[in-house]
Amino acid sequence: MRPNKDCTGCTLCHSRQNVVYPDGDPDSPVAFVGEAPGRKEDEIGKPFQGASGKVLDKLLEEEEVPRSSIFITNTVKCRPPQNRDPTEDEMAACLPCLEEELKDRRLIVTLGRTAARDLLHRQVHLAKDANMITKVTIRGKEIDLVVAYHPAASFYNPKVKESLRETIRITRAYLEGHGNVSSTGI
Ligand code: URA
């Protein structure tokens, strides 16, 4: 199930250029969930193509995790005007589609506070919670979830970049089939 290219499920349809569909391996055990498409993503129709995508791609490359080996999506599939945060209503409209995308993964990585809140239904404190593994129930199935910083937060912050590097190492363990050595919980 995915929104069609003429989706009118929420008011973002009035300002978007393109519905931004997921990228990467549709069958990957690991899904990265960003917040929402930005200008570049809206233009091209793919997630994480702009400055945040470049940071993410570089970290993946440095940690030897091919971007094509993970599934990459967003909480909402259309760009919010002026890159504002997606509203609760917009996220709720896209949630059935997001759950469908995530229901068979082994690990979900939320990038940024908004994506974590959408799936965990509570606030997270990234300075404390980043890279802790918790569980989320999607369509009746428990799936490991790791809360991570948004790549944009690392632009001028080397500590955030290191934290994201650790996130990608956790990702690699799941891709290689030995994730979930310990669930730390948040
Ligand atoms: N930021 C996001 O959260 N998602 C994108 O696709 C691009 C930037």
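**View 1. The largest pocket of the predicted model.** The largest pocket holds about 340 Å³ of space (the volume filled by probe spheres set on grid points joined across faces, edges and corners). A pocket here is an open set of points on a 1 Å grid over the protein atoms alone, where a 1.4 Å probe fits, with protein on both sides within 12 Å along at least five of seven lines; lining residues have an atom within 4 Å of a point. Among its 19 lining residues, A36, G38, E41, S52 and N83 are the closest to its centre. The model is predicted: local features need pLDDT of at least 70 and side-chain atom pairs pLDDT 80 or more, whereas totals for chains, interfaces and linings use all residues. Residues are numbered from 1 along each chain as its sequence is written, and side-chain values use heavy atoms, without hydrogens and water.

**View 2. The ligand and its shell.** The ligand sits in the largest pocket (more than half of its atoms lie within 2 Å of the grid points). Surrounding the ligand are G34, E35, A36, E41, P47, F48, N74 and H150 (a heavy atom within 4 Å).

**View 3. Polar atoms facing the ligand.** Polar contacts are pairs of N or O atoms within 3.5 Å. A backbone N or O atom of E35 lies 2.8 Å from a ligand oxygen atom. For N74, a polar side-chain atom lies 2.8 Å from a nitrogen atom of the ligand, and for H150 a polar side-chain atom lies 2.8 Å from an oxygen atom of the ligand. Taken alone, the ligand exposes 240 Å², of which the protein buries 92% (Shrake-Rupley method, 1.4 Å probe).

Technical notes. Polar contact = N/O pair within 3.5 Å; in protein donor to acceptor, adjacent residues only side chain to side chain.
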